[in-house]
Amino acid sequence: MPNSSGLMNRRDAISKTDATVVALLKEAGAIPLGITNCSELCMWYESSNKIYGRSNNPYDLQHIVGGSSGGEGCTLAAACSVIGVGSDIGGSIRMPAFFNGIFGHKPSPGVVPNKGQFPMAVGGQELFQCTGPMCRYAEDLAPMLKVMAGPGIKRLKLDTKVHLKDLKFYWMEHDGGSFLMSKVDQDLILAQKKVILNKICLRIIFSQGDAILNPLLHFLPNISVLAYGIKVFRTYTKQFWV
């Protein structure tokens with residue numbers, strides 16, 4: 001299959017061997033459909049190059065698909081396939097998953113082999129580059145990762161039950177802002193707060209009917225926590241409300 005990585009001087013490059021993860025997936029029964037688009041040398045957060053042009057978001061053709069594994073992300077979102085492979089140093093799996101509404105996972109370094117892909121990470125990049133699964137359905141991430149990792153799966157404990165209450169979650173609304181970048185949309189900040197308040201805390205879901213409480217989520221986190229506290233109080237004392 002083609003192996004240009006979006007570079008004009010590699011437009012005629014054809015892979016002669018399978019990457020390790022591709023070989024493992026084929027051995028497990030996967031059928032490769034093709035190579036999807038990426039940014040030039042997998043360097044940018046969109047998927048555009050002078051060989052294939054720009055990949056467009058299947059939900060809105062005026063929007064991009066993220067990168068560098070954006071072609072894979074939009075292919076899954078458009079239901080052309082249900083599983084795919086991406087690689088990630090600074091978000092090349094995670095951003096396309098977010099942009100296209102699919103699921104992706106960047107494994108811990110050293111779990112999934114990177115051998116056979118282009119470009120290969122060198123120097124300090126080797127500590128960060130990870131090959132991982134991209135899926136249309138979240139339930140496919142774990143079984144696909146088990147296949148892709150090969151012997152490396154022994155480093156993980158995917159079959160061990162994990163309780164959310166035992167995990168630590170770190171989050172940030174934005175990076176502080178810059179005149180070179182657009183501000184984070186308020187709807188995205190609201191979505192983050194809902195996840196933190198609804199899923200990590202007692203997993204009580206804010207309903208759309210909470211017309212008074214939900215607007216509070218738009219303000220500072222401490223006000224959001226207050227809104228959450230009110231919701232919890234109402235939930236567990238609803239028998240006293242008329």
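Where in the chain does Pro-119 lie? Pro-119 is found in the loop between β6 (103–104) and β7, and one of the views below returns to it. Please keep in mind throughout that this is a predicted model.

**Figure 1. The protein chain as a whole, with its seven helices and seven strands.** Following the sequence, the elements come in the pattern α-β-β-β-β-α-β-α-β-β-α-α-α-α. The protein chain has 242 residues, of which 32% count as buried. Among contacts with a separation of 6 or more, 57% are made by residues 24 or more positions apart.

**Figure 2. The crossing of helix α1 and helix α4.** Two packed helices are described by the angle between their axes and the distance between the axes. Here, the axes of α1 (residues 20–27) and α4 (residues 141–149) come within 8 Å and cross at roughly 115°. The crossing of this pair is right-handed. On the α1 side, the residues in contact are Val-21, Leu-24 and Leu-25, and they meet Met-144, Val-147, Met-148 and Ala-149 of α4. Sorted by class, this contact has seven nonpolar residues, with no polar and no charged ones.

**Figure 3. Helix α2 and its surroundings.** Why is α2 described as largely enclosed by the rest of the structure? Seven of the eight residues of this helix (residues 70–77) are buried, so the description follows from that count. The buried residues are Gly-70, Gly-71, Glu-72, Gly-73, Cys-74, Leu-76 and Ala-77. As you look around the helix, you will find these buried residues packing against β3 (56–57), β5 (83–88), α3 (94–100) and β7 (130–135). After α2 comes Ala-79, with a positive phi near 65°.

**Figure 4. Two cis peptide bonds, each in a loop.** Most residues other than glycine have a negative phi, and most peptide bonds are trans. The bond from Gly-67 to Ser-68 is cis, and its omega is near 10°. Ser-68 belongs to the loop that runs between β4 (60–64) and α2. The bond from Phe-118 to Pro-119 is also cis, with omega near 0°. As the opening question brought out, Pro-119 sits between β6 and β7.

**Figure 5. The aromatic pair of Phe-98 and Phe-99.** How many aromatic pairs does the count come to? The count comes to one. The ring centres of Phe-98 and Phe-99 are 6.0 Å apart and the planes stand at 70°, so the pair is edge-to-face. Phe-98 is exposed, with a relative accessible area of 56%. Phe-99 counts as partly exposed, at 29% relative accessibility.

**Figure 6. Ser-5 and Leu-41, two residues with positive phi.** Ser-5 is not a glycine, and yet its phi is positive, at about 55°. This serine is part of the segment before α1. Is Ser-5 buried or exposed? Its relative accessibility is 8%, so Ser-5 counts as buried. Leu-41, another residue other than glycine, has a positive phi near 60°. You can find Leu-41 in the loop between α1 and β1. With 30% relative accessibility, Leu-41 counts as partly exposed.

**Figure 7. Ala-13 and its contacts with Met-1, Pro-2 and Asn-3.** Ala-13 is located in the segment before α1. Along the chain, Ala-13 and Pro-2 are 11 residues apart, and their C-alpha atoms are separated by 5.9 Å. Leaving aside residues up to four places away in sequence, Ala-13 touches Met-1, Pro-2 and Asn-3. At 21% relative accessibility, Ala-13 counts as partly exposed.

**Figure 8. Lys-50 in the loop between β1 and β2.** The two strands on either side of this loop are β1 (48–49) and β2 (53–54). Lys-50 is exposed, having a relative accessible area of 74%. Not counting residues up to four places away in sequence, Lys-50 touches Gly-6 and Met-8.

How values were computed:
Residues numbered from 1 in each chain as written. Predicted model: local features only at pLDDT ≥ 70, side-chain atom pairs only at ≥ 80, totals over all residues. Heavy atoms only, no water. Axes fitted to C-alpha atoms, helices over the stretch in contact; angles between N-to-C directions. Helix = DSSP H or I, 4+ residues; strand = E, 2+ residues; numbered from the N terminus. Left-handed = near helix turned anticlockwise from the far one by under 90°. Contact = heavy atoms within 4.5 Å. Nonpolar A, V, L, I, M, F, W, Y, C, P; charged D, E, K, R; others polar. Phe/Tyr/Trp six-rings, centres within 6.5 Å; stacked < 30°, edge-to-face > 60°. Buried < 20%, exposed > 50% of the residue type's maximum accessible area, 1.4 Å probe, protein only.
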